[in-house]
Amino acid sequence: MTFPVSKMHKDSTLLALILALLIVIPNTLGVSRGQLRVGFYSKTCPNAESIIHKVVQKAVSNNPRNAAILLRLHFHDCFVEGCDGSILIRNDVDGELKAKGNLGVLGFNIIESAKAQLENICPGIVSCADIVALAARDAVSLVKGPFYDIPTGRKDGRLSKMSLAGRLPDVDDSISVLKSKFREKGLSDKDLVLLSGAHTIGVTACFFMRNRLYNFTTGGSSDPAINRRILPRLKAKCPINGDVNVRIPLDWSTQNVFDVQILRNIRDGNAVIASDARLYDDKNTKQILDSYISSAGSGTRPSFNADFAKAMVNMGNIGVKTGSKGEIRRLCNAVN
Ligand code: HEM
């Protein structure tokens, strides 16, 4: 009689152990996947974050567009080989920066200026990849976006190849392609919507508008998702044979302020670039987008700012290199 009881006891202990492992293992993997932590430099270079903040503050007060430039730089760093500063390497003829998807990416001088100051006070400690991530965080907060903690401790990569940049999201991608490019990086549809919300600041070159305005269908017409009232305005700014380098705001109304207006623009057919408009082509992404601008009381509406911050942390975890997998570059523009 005792045998079944003690077996039951053993079985339930085993079950409890398995359950505990099922809960603990994914969490452990989650932590060790990044091995990043908030305040990584608090002992080794205590002023690192404040030095980066000052450099970014100066750059943004000199030119508010630098906020957008730094935010975009982090995205383009993370989507090729992970957030490892590989986009900053500029001495390779076939480096990733040369890829078509990286056209117009800027901000290198700001990162290099922060790096030079950091190398003076704590040489060989702060990675370029972390400077990019912290600079993007500070940039957002300086244009009235959220300020949030980001885990640091990324190492710099040693590889930067144009051929590795083939899966960068493209402005003319369909919603299913955009979704799968984000999923490949471990990002959800919700992350896609929130991170596209980064287009609340900054500008686009007319170059990226050509297909949307003049060649959306085989018949050569424009994207039907464009509100007919803004179409003439867009065409006037970016004429068919005009200069493709002319830049127009991604968010008509509040170009230098981080706010939720970009999502309203998308809902109303006032998105500027096609990939933003595509978020309204899909039931799930549309529903997510609508939730941030619903007419329900602000108490029940999720916070765009708070969720954007979470999505940025998720993006900042893509393919991070830690330990011996990378290095701390001495100069951000070249491997050691
Ligand atoms: C969903 C896929 C995305 C596509 C297809 C896309 C595409 C583009 C394009 C074509 C531009 C204009 C670039 C230029 O003319 O120089 C742009 C600008 C920008 N993108 Fe995105 N983007 C995407 C996602 C993101 C994400 C995830 C972020 C950041 C979290 C971001 C941040 C920005 C910012 C801030 C600008 C303005 C840059 C400036 O003013 O120089 N984008 N994007």
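Where is Asp251 found? Asp251 sits in the loop between strand E4 (247-249) and helix H10 (261-267), and one of the views below returns to this residue. Welcome to a predicted model, in which local features need pLDDT of at least 70, side-chain atom pairs count only at pLDDT 80 or more, and totals for chains, interfaces and linings use all residues. Residues are numbered from 1 along each chain as its sequence is written, and side-chain values use heavy atoms, with hydrogens and water left out.

**View 1. The whole protein chain.** Let us start with the overall picture. The protein chain has 13 helices and 4 strands; these are DSSP runs numbered from the N terminus, with helices (H or I) of at least four residues and strands (E) of at least two. Of its 336 residues, 48% are buried, where buried means under 20% relative accessible area, exposed over 50% and partly exposed in between, with a 1.4 Å probe and protein chains only. Among contacts with a separation of 6 or more, 73% join residues 24 or more positions apart; a contact means heavy atoms within 4.5 Å.

View 2. The iron atom has a single donor from the protein, NE2 of His199, at 2.1 Å. Donors are N, O and S atoms within 2.8 Å of the metal (3.2 Å for Na, K and Ca), and water is not among the atoms, so sites may look incomplete. Look for His199 in the loop between helix H7 (189-196) and strand E3 (203-205). Oxygen atoms of the ligand also lie 2.9 Å from a polar backbone atom of Val203, 3.0 Å from a side-chain N or O atom of Arg247 and 3.3 Å from a side-chain N or O atom of Arg72.

**View 3. The annotated binding site.** An unreviewed UniProt entry gives the annotation "binding site" to Thr200, Asp251, Thr254 and Asp259. These residues span 60 residues in sequence, yet no two of their C-alpha atoms are more than 9.8 Å apart, so they gather at one spot. UniProt positions follow the numbering used here, feature names are shortened, and annotations may be inferred rather than shown by experiment. Asp251 is buried, with a relative accessible area of 0%. Its side chain makes a polar contact with the side chain of Thr254 (3.0 Å); such a contact is a pair of N or O atoms within 3.5 Å, and within protein one must be able to donate a hydrogen and the other to accept it, while residues adjacent in sequence count only if both atoms are side-chain atoms. Asp259 lies in the loop between E4 and H10.

**View 4. Helix H12 and its two sides.** The buried residues of helix H12 (residues 283-293) are Thr285, Ile288, Leu289, Tyr292 and Ile293. Seen down the axis of H12, they fall within an arc of 135°, so they line one face of the helix; the arc is that of the directions from the helix axis to the C-beta atoms. Their cover includes helix H6 (175-184), H7, H10 and helix H13 (304-316). On the other side of H12, Lys283 and Gln287 are exposed. Asp282 caps the N-terminal end of H12, with a side-chain oxygen 3.0 Å from the backbone nitrogen of Asn284.
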